[in-house]
Amino acid sequence: LPDDPLSTTFAALADPTRRAILARLSKGEASVNDLAAPFKMSLPAVSKHLKVLERAGLITRGREAQWRPCKLKPEPMKQATDWLEEYRKYWEESFDRLEAYLEELQKEDEK
Amino acid sequence: MSDKTNETHELVLTRLMNAPRAKVYECWTNEEHIVKWFAPKPWTTPFAKLDVRPGGTQQFTMRSPEGVDYPNSGVYLEVIPNEKLVWTDAYTSAWVPSAKPFFTAILTFADEGGKTRYTATARHWRVEDLEAHVKMGFHEGWGQCATQLEELAATL
């Protein structure tokens, strides 16, 4: 996995199963069994996804051997969305420029 | 203005533009127009060559405030006049693969209450690419990477 936290977050998010797991956890803690239930996937496969999420700091897991509830940790997600927001802002500025230019063109047409 | 991120590798922006559809389309397809709005100041676009047809090449040169030129090129995949433009940086000309395909831009123009609904979608090959480009653009300032970001901004 890449070293910097943001890359790790994005890599962890780049998978539909992991995003579905995060969506489930946003409603509250859950066990591996609970999390595996909606997927046609073995428990070890789900555990693998959980490990990726855990390493990215997106979830934490309880330490009790039997019942190791997974819990969402929103901080890295927040950083990732903040970042995308910045990127989007850059795009929006391009919309602004086009809009301003169109306005200029229309004014010229009216003359 | 509203926007959303459907998937982590796709970015969609849409805006109702107070101009006729043909005019918004022209801003994207006419060389004289595109150079006027394309670059964020103090950058400029001293050169644009737009061969607007499927398989045609779209070339831009972006000039930094220091006067350094950064040429970019892509290829149009779909062209429906006044309606839709699709282009990608996966080819530098038809059909020469670019060093690193990054994204496909889908621009649509539609009538809406006397205005134009303008929507730009950028689909990236991999979310890691998107992330890497964003990061380079924003955290290392303008430079070689900024031109790639410019290409992205060009999807708008």
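Predicted model: local features only at pLDDT ≥ 70, side-chain atom pairs only at ≥ 80, totals over all residues.
Student: How many helices and strands does chain B have, and in what order do they run?

Tutor: The secondary structure of chain B consists of four helices and 10 strands. Read from the N terminus, the order is β-β-α-α-β-β-β-β-β-β-β-β-α-α.

Student: What percentage of chain B is buried?

Tutor: A residue is buried when its relative accessible area is under 20%. Chain B has 156 residues, and the buried share of them is 51%.

Student: How are the rings of Trp37(B) and Phe38(B) arranged, stacked or edge-to-face?

Tutor: The whole structure holds 11 aromatic pairs over all chains. In the pair of Trp37(B) and Phe38(B), the ring centres lie 6.1 Å apart and the planes meet at 80 degrees. Planes over 60 degrees apart count as edge-to-face. The angle of 80 degrees therefore makes the pair of Trp37(B) and Phe38(B) edge-to-face.

Student: Which strands does the aromatic pair of Trp87(B) and Phe103(B) link?

Tutor: Trp87(B) and Phe103(B) are also edge-to-face, with 5.5 Å centre to centre and 75 degrees between the planes. The two residues are 16 apart, and the pair links distant parts of the chain. Trp87(B) belongs to one strand and Phe103(B) to another, namely S6 and S9 (residues 103-112) of chain B.

Student: Are Trp87(B) and Phe103(B) buried or exposed?

Tutor: The cut-off for buried is under 20% relative accessible area. Trp87(B) has 2% relative accessibility, so Trp87(B) counts as buried. Phe103(B) has 0%, so Phe103(B) too counts as buried.

Student: Which residues form one aromatic cluster with Trp37(B) and Phe38(B)?

Tutor: Both Trp37(B) and Phe38(B) are buried. The cluster that contains them also holds Trp28(B), Phe60(B), Trp87(B) and Phe103(B).

Student: Where is Asn82(B), and why is it classed as partly exposed?

Tutor: Asn82(B) lies in the loop between strand S5 (69-80) and strand S6 (84-88) of chain B. Asn82(B) is not a glycine, yet its phi is positive, about 65 degrees. Asn82(B) is partly exposed because its relative accessible area is 28%.

Student: Which residues does the cis peptide bond at Trp95(B) join, and what is omega?

Tutor: Trp95(B) sits in the loop between strand S7 (91-93) and strand S8 (96-97) of chain B. The cis bond joins Ala94(B) and Trp95(B), with omega about -15 degrees.

Key
Residues numbered from 1 in each chain as written. Chains lettered and ligands numbered in written order. Heavy atoms only, no water. Buried < 20%, exposed > 50% of the residue type's maximum accessible area, 1.4 Å probe, protein only. Phe/Tyr/Trp six-rings, centres within 6.5 Å; stacked < 30°, edge-to-face > 60°.
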